[in-house]
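Let's take a friendly walk through a protein model, one part at a time. Have the sequence and the 3D view ready as you read.

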Amino acid sequence: MIDAHHHIWLQKDLPWLLGPEQPRIFGPYAAIKRDYPIAEYLDDIKGSGVTKSVYVQANWAPNWAADEAAWVQAVSQDCGWPHAIVAYADFTVDDVRPQLDRLSRYGLVRGIRQQLHWHKKPMYRFAPHANLPSDPAVQRNIGHLADYNWSFDLQVFSSQMTAAAELADACPQVTFILQHAGMLEDQSDAGKKAWLSGMKSLAKCTNVVSKLSAFGTFIHRNDPAFIASMVNDTVKLFGAKRCLFGSNFPIEKLWTSYGDLVAAFRGATAALPKPQQKAIFEDTAARVYRLS
């Protein structure tokens with residue numbers, strides 16, 4: 001089993017973990033407002049069946065992106081985990097390639113994430129505006145990832161999915177990994193309809209896969225029924241070979257254990273044929289993040 005989305009961090013490197021607690025999408029976070037070293041992660045996953053993992057950038061200061069990759073690679077060299085890195089780069093600049101060249105020094109880098117998500121609710125916003133997926137510079141720069149054989153971890157809300165599909169079409173040689181199955185934050189009928197519509201647009205792009213992760217973000221709990229619904233809808237749209245599991249630890253650690261989280265996902269996929277389960281929990285992640 002592969003965990004395709006987790007973070008490790010140290011307080012000294014992450015300013016948002018210091019000082020007074022600030023409002024976050026995932027709610028109060030005092031319990032994780034501290035170091036989360038790889039040793040604790042490895043203890044969390046004991047007995048879960050996870051054999052490999054992918055580290056996804058944890059929003060160090062943007063000018064420290066290469067330092068983050070260097071530190072995580074050093075952790076891996078020391079203990080063998082994680083097995084791949086999704087680093088950070090700023091695609092809004094005129095030419096991202098100097099940043100990518102610096103990151104290419106680290107052999108575990110397999111992709112890049114810059115969070116493009118924007119929402120009408122200020123607390124849900126990350127990007128400066130909603131239209132980054134349509135920005136010509138962003139599209140041009142993400143297209144350069146193909147030259148490095150790197151993927152792009154795509155994080156958008158449903159209102160941005162049409163533009164995100166256009167971004168994927170503009171970069172056909174790049175694999176896009178949709179974060180958290182499109183972050184369904186509005187479970188009303190209208191919200192679910194908008195999410196499904198956007199997901200259909202993205203599913204038409206054969207270079208987009210969907211990460212099944214972080215389903216507790218907006219409900220602040222481990223809800224097996226909700227996880228099953230999200231998995232069912234996403235797999236119907238993308239197919240199991242274009243879906244992959246991620247834990248989003250330690251964020252999900254706020255409300256659940258790793259074992260209980262995996263159990264909920266295992267339950268959500270129990271009715272699927274074994275090859276499809278294997279795709280979700282192993283094969284897709286191994287393919288898109290090039291894990292040998």
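## A starting point

In which loop is the place of Pro82? Pro82 sits in the loop between helix H2 (65-79) and strand E3 (84-87). Keep in mind that this is a predicted model.

The peptide bond leading from Trp81 to Pro82 is cis, and its omega is near -10°. A cis peptide bond also joins Phe249 and Pro250, where omega is about 15°. Look for Pro250 in the loop between E8 and H9. For background, most peptide bonds are trans.

## The sheet

Now turn to the strands. Eight of them form an open sheet with parallel pairing, and their order is E1-E2-E3-E4-E5-E6-E7-E8. Strand E1 (2-6) and strand E8 (243-245) are at the edges with a single partner strand each, so one side of each has no neighbour in the sheet. From one strand to the next, the twist averages 25°.

Is E1 mostly covered or mostly uncovered? E1 is mostly covered, since five of its five residues are buried. Three bridges pair E1 with strand E2 (residues 52-56) in the parallel sense, and Asp3 stands opposite Ser53 in E2.

## Phe176 and the cores

Strand E6 (residues 176-178) runs parallel to strand E7 (residues 208-212), and three bridges join them. Phe176 has Val208 in E7 as its bridge partner.

The largest nonpolar core has 74 residues, and Ile142, Leu154 and Phe176 touch the most other members. If we leave aside neighbours within four places in sequence, the contacts of Phe176 include Phe152, Leu167, Ala168, Cys171 and Val209. Ile142 and Leu154 are also among the residues in contact with Phe176. Another core, of 13 residues, lies apart from the largest one, and its members include Ala4, Val86, Ala285 and Tyr289.

Which strands does helix H10 (residues 274-288) lie across? H10 lies across E1, strand E5 (151-154), E6, E7 and E8, and runs at about 105° to E8.

H10 also packs with another helix. In general, two packed helices are described by the angle between their axes and the distance between the axes. For helix H9 (residues 258-269) and H10, the angle is about 150° and the axes are 10 Å apart. Their crossing is right-handed. On the H9 side, Phe265, Arg266 and Thr269 take part, and they meet Gln277, Ile280 and Phe281 in H10. The residues of this contact divide into three nonpolar, two polar and one charged.

## Two residues with positive phi

Let's finish with some backbone angles. Most residues other than glycine have a negative phi. His180, however, has a positive phi, near 55°, and Ala181 has a positive phi too, near 50°.

Where are these residues found? His180 is in the loop between E6 and helix H7 (189-203), and Ala181 is found in the loop between E6 and H7 as well. Are they buried or exposed? His180 is buried, with a relative accessible area of 7%. Ala181 also counts as buried, at 0% relative accessibility.

Methods: Residues numbered from 1 in each chain as written. Predicted model: local features only at pLDDT ≥ 70, side-chain atom pairs only at ≥ 80, totals over all residues. Heavy atoms only, no water. Pairing = 2+ DSSP bridges. Helix = DSSP H or I, 4+ residues; strand = E, 2+ residues; numbered from the N terminus. Axes fitted to C-alpha atoms, helices over the stretch in contact; angles between N-to-C directions. Contact = heavy atoms within 4.5 Å. Core = buried A, V, L, I, M, F, W, Y, C linked by side-chain atoms within 4.5 Å. Buried < 20%, exposed > 50% of the residue type's maximum accessible area, 1.4 Å probe, protein only. Left-handed = near helix turned anticlockwise from the far one by under 90°. Nonpolar A, V, L, I, M, F, W, Y, C, P; charged D, E, K, R; others polar.
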